Amino acid sequence: MGIENTHKLIVNCLPLNEGERRAFAKAARDVPQEFVGDEAHRGDMVWSAAVPEELRSQATAVIGNFPVSQVAQYTRLEWLQTFSAGVDAYIRPGVLPRGTMVTNASGAYGQSVSEHMFATMWALMKNLNRYASNQHDHQWQDEGPVLSPEGGIALIIGVGDIGSHFAQLAQSIGMRTFGVRRHVDVPAKGIEKMYGFERLEALLPLADVVAMAVPRSPQTHHLLNADRLGRLKSTAIVINAGRGDAIDPEALADALHNGRLHGAGLDVTEPEPLPAESPLWDEPHCLITPHVAGGNHLEKTSEHIIRIALTNVSRYAKQQELLNLVRY
């Protein structure tokens with residue numbers, strides 16, 4: 001943080017109320033701060049970051065996901081705090097100026113995303129998506145056997161904030177929970193046993209539910225491919241709310257079409273939006289939502305995002321290490 005505070009400028013795009021603006025102004029101490037967010041958009045699905053053009057070349061810090069296409073205009077940028085947990089678009093080589101600190105809102109979305117995943121799991125277990133379709137078609141039709149989570153095994157792949165929240169929900173209804181993550185020695189709430197990725201093939205046949213919340217990386221691309229999907233029970237359910245490319249979409253469509261899986265719940269897909277011609281749309285046991293699980297509709301999510309940003313504004317003003325710093 002080489003620029004002196006009096007020469008810094010924070011551009012804050014959060015949709016704050018007056019009390020929150022005062023808190024941010026106090027946290028910034030002697031660092032100037034421009035508030036450009038509109039409280040009227042607090043309940044929007046996705047918060048925008050519309051930074052006035054005249055401020056872009058002055059900003060040393062931005063709170064908000066401004067368009068990547070505008071990066072070249074931020075010639076003094078040294079810190080970006082995103083509203084999102086994912087920052088893939090910003091940390092690609094050559095996108096941001098060298099040395100720019102990037103912090104995300106990881107930790108804000110655990111409740112909303114895990115609840116969405118949990119609801120998806122229940123819907124698929126009880127064939128509710130099929131009944132919703134029947135209702136649309138005015139059909140009174142029994143959709144056959146249903147499943148119960150009690151006594152089953154939930155395999156959570158990617159045990160961060162979201163995965164841990166989902167595991168706790170799963171345990172609350174009598175499921176056993178096994179976690180898969182890179183750092184096996186790091187405990188997580190809700191996880192009965194933790195394993196490394198090298199154990200994935202052995203764990204998949206045990207799973208009744210596979211809940212995925214992994215970040216995008218070369219190691220997680222098509223993590224569930226045809227071979228690994230083939231190791232699952234025909235009664236298993238796969239849920240993905242992390243990154244769409246963690247599952248091979250063609251292999252998943254084939255497994256569903258041929259009855260090798262009970263169901264799949266996808267809030268993220270490869271690509272996004274999911275093309276109209278994708279066979280997944282027509283799979284009756286596939287429940288698709290358009291990347292809305294982590295939306296800011298839940299007020300607690302908004303509060304978490306704001307709290308993370310507020311803490312980091314205080315740290316930025318004091319030239320302390322920032323929270324949720326992304327290494328890239």
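## Cavities in the model

A cavity is a set of grid points where a 1.4 Å probe fits but cannot get out. In this predicted model, a search of the whole structure finds two cavities of 30 Å³ or more.

## Domain division

The chain is divided into two parts: domain 1 comprises 10-84 + 298-326, and domain 2 comprises 109-288. A distance of 34 Å separates the C-alpha centres of domain 1 and domain 2.

## The largest cavity

The volume of the largest cavity is about 50 Å³. Its lining is formed by Asn240, Gly244, Ile247, Pro249, Leu252, Leu266, Val268, Thr269, Glu270 and Leu280. Sorted by class, six of the lining residues of the largest cavity are nonpolar, three are polar and one is charged.

## The second largest cavity

For the second largest cavity, the volume is likewise given as about 50 Å³. The residues lining the second largest cavity are His116, Met117, Thr120, Ile239, Asn240, Ala241, Gly265, Leu266, Asp267, Leu287 and Thr289. Helix 4 supplies the largest share, with three residues.

By class, five residues in the lining of the second largest cavity are nonpolar, five are polar and one is charged.

## Residues named in both linings

Technical notes
Residues are numbered from 1 along each chain as its sequence is written. This is a predicted model: local features need pLDDT of at least 70, side-chain atom pairs count only at pLDDT 80 or more; totals for chains, interfaces and linings use all residues. Side-chain values use heavy atoms; hydrogens and water are left out. Domain bounds come from an automatic or database domain assignment. On a 1 Å grid over the protein atoms alone, a cavity is a set of points where a 1.4 Å probe fits but cannot get out, and a pocket is an open set with protein on both sides within 12 Å along at least five of seven lines; lining residues have an atom within 4 Å of a point. Grid points are joined across faces, edges and corners, and a volume is the space filled by probe spheres set on the points. Ala, Val, Leu, Ile, Met, Phe, Trp, Tyr, Cys and Pro count as nonpolar, Asp, Glu, Lys and Arg as charged, and the others, Gly among them, as polar. Helices (H or I, at least four residues) and strands (E, at least two) are DSSP runs, numbered from the N terminus.
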